[in-house]
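Please read it alongside the sequence and structure shown here.

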Amino acid sequence: VDFIPTTALLQTNEEGTEFVELETNLKLESALMNLAMPETNYFIIDIGNDSSNHAVEINAVCSLPIIFDADRDRTYPLIVKIGNQIIGSQNVLHKMKLDFETYLTSYYGIVVCSIDAHGTTGREKEFETVIATEGDGSATILGDYLMFVEFLLHGGSVLANRIDTNRIGSMGDNQGSFIALRMLEIFANR
């Protein structure tokens with residue numbers, strides 16, 4: 001199992017040498033050894049250039065079902081998780097998690113993916129320009145997610161040709177729920 005959280009004190013005079021381990025989480029690790037966990041893939045996607053002709057990249061994460069096999073001719077449902085789009089928030093985090101998305105992936109074989117769209121951490125400056133020209137910036141955030149889904153369906157990811165185009169959904173919270181509904185509307189009209 002990857003990413004079991006531990007806590008340790010480090011010595012500052014010896015390049016971060018561990019002084020004492022406070023919590024190993026051996027009980028958690030032992031409990032998870034017999035539980036199949038979904039594979040989590042982190043990657044960066046180039047989505048083209050912005051209005052200043054600078055390359056725009058977005059961080060992405062996808063949790064793959066335990067039964068996922070890229071070599072088999074099988075498709076999987078997709079849920080795009082649209083997080084809180086408040087400026088400075090972050091959706092793609094490299095951390096262990098046991099949450100609703102893990103449940104969907106583990107028990108129902110659903111691929112769950114998310115991105116750091118415009119306005120998330122590290123992308124605030126470019127988003128300020130978008131807000132100045134568009135108003136609330138929802139169309140730009142929606143565009144990020146739509147490009148992401150197109151990348152998953154047809155791009156260079158392990159999921160290309162593995163997503164069931166009749167079973168694509170989205171879920172979100174706060175402003176993400178508005179964008180999730182707009183996404184569903186667009187996909188329903190295709």
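## Salt bridges

In this predicted model, D164 is buried, its relative accessible area being 17%, and it forms a salt bridge with R167 in which the closest N and O atoms lie 2.9 Å apart.

Because R182 and E185 are three residues apart in helix α5, about one helical turn separates them. Here R182 is partly exposed, with a relative accessible area of 31%, and E185 is also partly exposed, at 40%.

## Nonpolar core

The largest nonpolar core has 31 residues, of which L78, V111, C113, Y145, F148, L159 and M183 touch the most other members. At least two residues of this core come from each of β3 (39–49), β4 (55–64), β5 (76–82), β6 (111–115), α4 (138–154), β7 (163–172) and α5 (175–188), and the largest share, eight residues, is supplied by α4.

Once its neighbours within four places in sequence are set aside, L78 is in contact with I110, V111, C113, L152, I163, R167, I168 and G169. This list includes R167, the residue that pairs with D164 in a salt bridge.

## Nonpolar surface patch

On the surface, L9, F19, V20 and L22 form a nonpolar patch whose accessible area together is about 370 Å². Strand β2 (residues 18–23) gives the most to this patch, with three residues; V20, which is found in that strand, is partly exposed, with a relative accessible area of 31%.

## Overall fold and confidence

The chain has five helices and seven strands, which follow one another from the N terminus in the order β-β-α-β-β-β-α-β-α-α-β-α. Of its 190 residues, 38% are buried, and among contacts with a separation of 6 or more, 66% are between residues 24 or more positions apart. The accessible surface comes to about 11000 Å², with 51% belonging to carbon and sulfur atoms.

The mean pLDDT of the chain is 78, and 78% of the residues reach 70 or more. Confidence is highest in β5, at a mean of 92, and lowest in helix α3 (residues 124–134), at 64.

How values were computed
Residues numbered from 1 in each chain as written. Predicted model: local features only at pLDDT ≥ 70, side-chain atom pairs only at ≥ 80, totals over all residues. Heavy atoms only, no water. Patch = residues over 30% accessible without salt bridge, like charges linked within 9 Å, V, L, I, M, F, W, Y side chains within 5 Å. Areas by Shrake-Rupley, 256 points an atom, 1.4 Å probe, with all protein chains shown as cover. Salt bridge = Lys/Arg side-chain N within 4 Å of Asp/Glu carboxyl O. Helix = DSSP H or I, 4+ residues; strand = E, 2+ residues; numbered from the N terminus. Buried < 20%, exposed > 50% of the residue type's maximum accessible area, 1.4 Å probe, protein only. Core = buried A, V, L, I, M, F, W, Y, C linked by side-chain atoms within 4.5 Å. Contact = heavy atoms within 4.5 Å. pLDDT = per-residue confidence, 0-100.
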